[in-house]
Amino acid sequence: RLRCLTLPHDLLLLWEHTGGGDIFETETLVGPAPGPKWADCFDDINEWHKQSGMPSSFVIFHIGHCLSAIRLSDGRYTILEEGSYRVLREYKDLDDWYEHALRDEYAKTYGLSTTTANTDNVTSISFIKMLGIQGSACGW
């Protein structure tokens, strides 16, 4: 589908490197392009949530233990409450979202430090690349 969205550069880089896909046990980075029938893709996920009441000022890029979206008015990363679509938390960029929304959730399971600040110099994109996402959900 054609869409005219202004999205954060770091999210576009993530999609360029991965195309979307599954990470950790229950997390999906929603891909930007159609893929196999089983894939969770950007247009379908966002259309479903908009029909369920999500304001059109948000686009979802991650589903899993939380619902993550970009607020289009300012490009901020957010965590939305399922059902009400109320903003629960905001993050300044992809690394901030990754560190506090994903990394904190899985740090103990994977033996990661609970913060990336001055410890291992791993960014969201480099860590996700290390996990080996092959763009299984949707191609770029």
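**Figure 1. Pairing of strand S5 with strand S6.** Strands S5 and S6 (residues 87-91) run antiparallel and are joined by 4 bridges; strands are DSSP runs (E, at least two residues) and helices likewise (H or I, at least four), numbered from the N terminus, and two strands pair if DSSP finds at least two bridges between them. The bridge partner of Ile79 in S6 is Arg89. The hairpin of S5 and S6 has 6 residues between the strands, and Gly83 there takes a positive phi near 95°. The model is predicted: local features need pLDDT of at least 70, side-chain atom pairs count only at pLDDT 80 or more, and totals for chains, interfaces and linings use all residues. Residues are numbered from 1 along each chain as its sequence is written, and side-chain values use heavy atoms, with hydrogens and water left out.

**Figure 2. Pairing of strand S5 with strand S4.** S4 and S5 run antiparallel, with 5 bridges between them. Tyr77 in S5 is the bridge partner of Ile70. In this hairpin, 4 residues lie between the strands, and Gly75 has a positive phi near 75°. Strand S5 (residues 76-80) is mostly covered, with 4 of its 5 residues buried (buried: under 20% relative accessible area; exposed: over 50%; partly exposed: in between; 1.4 Å probe, protein chains only).

Figure 3. In H2 (residues 42-51), the buried residues are Phe42, Asp43, Ile45, Asn46 and His49. Seen down the axis of H2, they fall within an arc of 165° and so line one face of the helix; the arc is that of the directions from the helix axis to the C-beta atoms. Trp48 and Gln51, which are exposed, sit on the face turned away from the buried side. The cover over the buried residues of H2 includes helix H1 (9-18), strand S3 (58-63) and strand S4 (67-71), where contact means heavy atoms within 4.5 Å. Gly53, with a positive phi near 115°, follows H2.

**Figure 4. Aromatic pairs.** Rings of Phe, Tyr and Trp (its six-membered ring) pair if their centres lie within 6.5 Å; planes under 30 degrees apart count as stacked, over 60 as edge-to-face and the rest as tilted. The count by this rule is 3 aromatic pairs. Trp15 and Phe42 form an edge-to-face pair, 5.5 Å centre to centre with 85° between the planes. Because Trp15 lies in helix H1 and Phe42 in helix H2, this pair ties together parts that are 27 residues apart in sequence. Phe61 and Trp97 are also edge-to-face, at 4.9 Å centre to centre and 65° between the planes. Phe61, in strand S3, and Trp97, in helix H3 (residues 94-110), are 36 residues apart. Phe61, Tyr77 and Trp97 form one aromatic cluster.
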